Amino acid sequence: NSPEKWEPVLCLNDRTCSIGGIELVIQGESRITWIANKLASYLRNPLREYVTRVIVTALTNNSGWLIDTLNKNLGNYWDLIMRTASLKLEDLPKLARHHITQA
């Protein structure tokens, strides 16, 4: 029986997004353009909140694939990454299988 082999993996603990502000400007010289820009300025905060929710949903729905892809591609480089970051395997938190998000 060979001893268990440990290797680092990336895990995503939390999915958040913050957008400081959104500016929507409709180009044109007509009165309707002015009205549309006024309306867009009133809808700035709801639009920012909507975009934030869409990004968090996209992260939630695709994070397993993203993390899985990163872990597969980083597997051969962990030694370099750990040395560059001045980390030792013993310093990293140990995770159980259920902590790892699969695609």
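**Fold, bridges and surface**

Tutor: Along the sequence, the chain runs α-α-α. This is a predicted model: local features need pLDDT of at least 70, side-chain atom pairs count only at pLDDT 80 or more, and totals for chains, interfaces and linings use all residues. Residues are numbered from 1 along each chain as its sequence is written, and side-chain values use heavy atoms, without hydrogens and water.

Student: How many helices and strands does the chain have?

Tutor: Helices (H or I, at least four residues) and strands (E, at least two) are DSSP runs, numbered from the N terminus. The count for the chain is 3 helices and 0 strands.

Student: Which residue forms a salt bridge with K72?

Tutor: A salt bridge is a side-chain nitrogen of Lys or Arg within 4 Å of a carboxyl oxygen of Asp or Glu. The search of the whole structure finds 2 of them. In this one, N and O are 3.2 Å apart. The partner of K72 is D68.

Student: Where do K72 and D68 lie?

Tutor: The two are 4 residues apart, about one turn of the helix. Both lie in helix α2 (residues 44–74).

Student: Is D68 buried or exposed?

Tutor: Buried means under 20% relative accessible area, exposed over 50%, and partly exposed in between (1.4 Å probe, protein chains only). K72 has 61%, so K72 is exposed. D68 has 18% relative accessibility, so D68 is buried.

Student: Which residue forms a salt bridge with D79?

Tutor: The closest N and O atoms are 3.1 Å apart. Both residues are in helix α3 (residues 78–84), 4 residues apart. The partner of D79 is R83.

Student: What percentage of the residues of the chain count as buried?

Tutor: The chain has 103 residues. The buried share is 14%.

Student: Where is the place of L24?

Tutor: L24 has a relative accessible area of 47%, so L24 is partly exposed. Its place is in the segment before α1 (31–42).
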